[in-house]
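Here is a short briefing on one protein model.

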Amino acid sequence: MTVAAQVLRLLAGRGETLAVAESLTGGLVAAELTSVPGASQAFRGSVTAYATPLKSEVLGVDTELLVARGAVDAEVARQMAAGVRRALGADWGAATTGVAGPDTQDGHPVGTVFVAVCGPSDAGKVTALRLNGGRADIRRESVRSVLELLSGELGGYASAQDTEHNGGN
């Protein structure tokens, strides 16, 4: 069973739903989730807030935080997860933000990624990642990491690690 299938099974079993906010992954998390038959039982939808202003305008991320720290930040990821949860009326929110490359962003090197989840109690958990590989590898590993983080929070078999990864390996 894939991590996406595991997450959806756990959510459906609990009668809970999920919404996703994506930046560097550009919709790949939503695509992974919707590739699972029956995903609509638990997956409400996603927001791809690729442009930094959308993180504030659509997801409610604090504008002053974005100005001070930029979009590649642990607290930004947490606020994205909380914001998409509220915006789409889900029990759980998950978010990805980071630098897939080829260039640095806001002083952060390529491979700097933050993944976050926010649950029904509005408590959030963020994992910082330093990923290796090319753009596609970093994006793919970000998808896997956010789904594993969520699975761990739901009591599943996987948990994201805040160690260095060789993208996808």
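A nonpolar core is a set of buried Ala, Val, Leu, Ile, Met, Phe, Trp, Tyr and Cys residues joined through side-chain atoms within 4.5 Å. Buried means under 20% relative accessible area, exposed over 50%, and partly exposed in between (1.4 Å probe, protein chains only). In the largest such core, of 32 residues, Leu18, Leu33 and Leu147 touch the most other members.

The model is predicted: local features need pLDDT of at least 70, side-chain atom pairs count only at pLDDT 80 or more, and totals for chains, interfaces and linings use all residues. Residues are numbered from 1 along each chain as its sequence is written, and side-chain values use heavy atoms, with hydrogens and water left out.

**Nonpolar cores**
- Elements are DSSP runs numbered from the N terminus: helices (H or I) have at least four residues, strands (E) at least two.
- H1 gives the largest share, 7 residues.
- Another core, of 22 residues, lies apart from this one; Ala19, Val61, Leu65 and Ala90 are among its members.
- Beyond its neighbours within four places in sequence, Leu33 is in contact (heavy atoms within 4.5 Å) with Ala4, Leu8, Leu18, Val20, Ala39, Phe43 and Leu147.

**Strand E3**
- 7 of the 7 residues of E3 are buried, so this strand is largely enclosed by the rest of the structure.
- Trp92, Ala94, Thr96 and Gly98 point one way; Gly93, Ala95 and Thr97 point the other way.
- Strands pair if DSSP finds at least two bridges between them.
- E1 and E3 run parallel, joined by 5 bridges. Val20 has Ala94 in E3 as its bridge partner.
- E3 and E4 run antiparallel, joined by 6 bridges. Here Thr96 stands opposite Val115 in E4.

**Glu148**
- Glu148 sits in helix H6. With 14% relative accessibility, it counts as buried.
- A polar contact of 2.3 Å joins its side chain to that of Arg144. Such a contact is a pair of N or O atoms within 3.5 Å; within protein, one must be able to donate a hydrogen and the other to accept it, and residues adjacent in sequence count only if both atoms are side-chain atoms.

**Overall build**
- The protein has 6 helices and 6 strands.
- From the N terminus, the order is α-β-α-β-α-α-α-β-β-β-α-β.
- Of its 169 residues, 51% count as buried.
- The C-alpha trace spans about 40 × 35 × 25 Å along its principal axes.
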